Amino acid sequence: MINLRLAGALMCLSLSASASTIINDGHIHYNDDVWADLAPEHAIGLLDDNNINRAIVFSTPEEGTRKLYRLAPDRIIPFIRPYRVFRDRFSWFNDADMLDYLKKEISTGFYKGFGEFHLFKKNKDTPILRQMMQLVADHDLAVNAHADAETIESLISMQPDVVMIWAHCGMDHPVDDVRRMLDQYPSLHCDLSFRDKLTDPRSVLTPAWKTLLEDYPQRFMTGMDTYIPRRWAHLPEIKEYADTWLGQLSPETARLIGGGNIDRLFPVND
């Protein structure tokens, strides 16, 4: 069923999006629940309207990522999720059929990364998961994991040289945990989507987060996280929030987190 409220909101977005910093985005979804209201060309248009140049994209099913890539191959950085359908998120790490699916898809050479996937410490180390991580390493893919710190450490221990992107920077893990992890694991990076507690209620970066971002400027990236339709509808506000805290960093740190790190990890034409 078409979401009429979303459709109406999307028609107005190009009018409401304000001038903002040009960034690369580390966390964009184009899932099938938005396709009826947001055609691929309109999704690319929303990225344009909000000054999002390049984006890491993961979709359920993966055809959503291909839809955007066909329109803007120099701007879409395609990742493959272990989710053919939503319910796969609860079993993919034990699913031999999923491993076969990933082998087939990754062998095409289309993808630059594996994820975003959800994984927590109860299932942090399964035989199927180990084979998937070996597959990722063999094809030089990055990983985006929505996981707790213990699980991230387990994944890194399997393949220490794989670029690991911690989705939402652990969501609500304390700053001290994040600092310890970045210090200990040189392959670890963080996307900052849904990290609202970066700032106080006035949208001012907290001293602890500002110091961390300035201390590790090459290890973070912005992220809008359009995981549900209304996140697309609110893209201008989400992007405005990112612009607000990026503007409080030193120019070089803001440049790296706002886009430079993604360009370094995923060069255009690579």
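**View 1. An open sheet of eight strands in a predicted model.** The strands run in the order S1-S2-S3-S4-S5-S6-S7-S8. Their pairing is parallel. Strand S1 (23-29) lies at one edge and strand S8 (220-221) at the other. Each of these edge strands pairs on one side only.

**View 2. The S7–S8 pairing.** Strand S7 covers residues 188-191. Two bridges join S7 to S8, in the parallel sense. Cys190 faces Phe220 of S8 across this pair, standing opposite that residue. Helix H7, residues 175-184, packs on the sheet here. H7 touches strand S6 (164-166) as well as S7 and S8. The directions of H7 and S7 make an angle of about 140°.

**View 3. The largest pocket.** Its volume is about 450 Å³. The lining of this pocket comprises 25 residues. Nearest the centre lie Ile77, Lys112, Phe266, Pro267 and Asp270. Strand S3 (residues 76-80) gives the largest share of the lining, with three residues. By class, the lining has 15 nonpolar, three polar and seven charged residues.

**View 4. The second largest pocket.** This pocket holds about 280 Å³ of space. Its lining is made of 17 residues. Asn31, Arg81, Phe86, Arg89 and Tyr227 are the ones nearest the centre. Five lining residues are nonpolar, six are polar and six are charged.

Conventions: Residues are numbered from 1 along each chain as its sequence is written. This is a predicted model: local features need pLDDT of at least 70, side-chain atom pairs count only at pLDDT 80 or more; totals for chains, interfaces and linings use all residues. Side-chain values use heavy atoms; hydrogens and water are left out. On a 1 Å grid over the protein atoms alone, a cavity is a set of points where a 1.4 Å probe fits but cannot get out, and a pocket is an open set with protein on both sides within 12 Å along at least five of seven lines; lining residues have an atom within 4 Å of a point. Grid points are joined across faces, edges and corners, and a volume is the space filled by probe spheres set on the points. Helices (H or I, at least four residues) and strands (E, at least two) are DSSP runs, numbered from the N terminus. Ala, Val, Leu, Ile, Met, Phe, Trp, Tyr, Cys and Pro count as nonpolar, Asp, Glu, Lys and Arg as charged, and the others, Gly among them, as polar. Two strands pair if DSSP finds at least two bridges between them. Contact means heavy atoms within 4.5 Å. Axes are lines fitted to C-alpha atoms, for helices over the stretch in contact, and angles run from 0 to 180 degrees between N-to-C directions.
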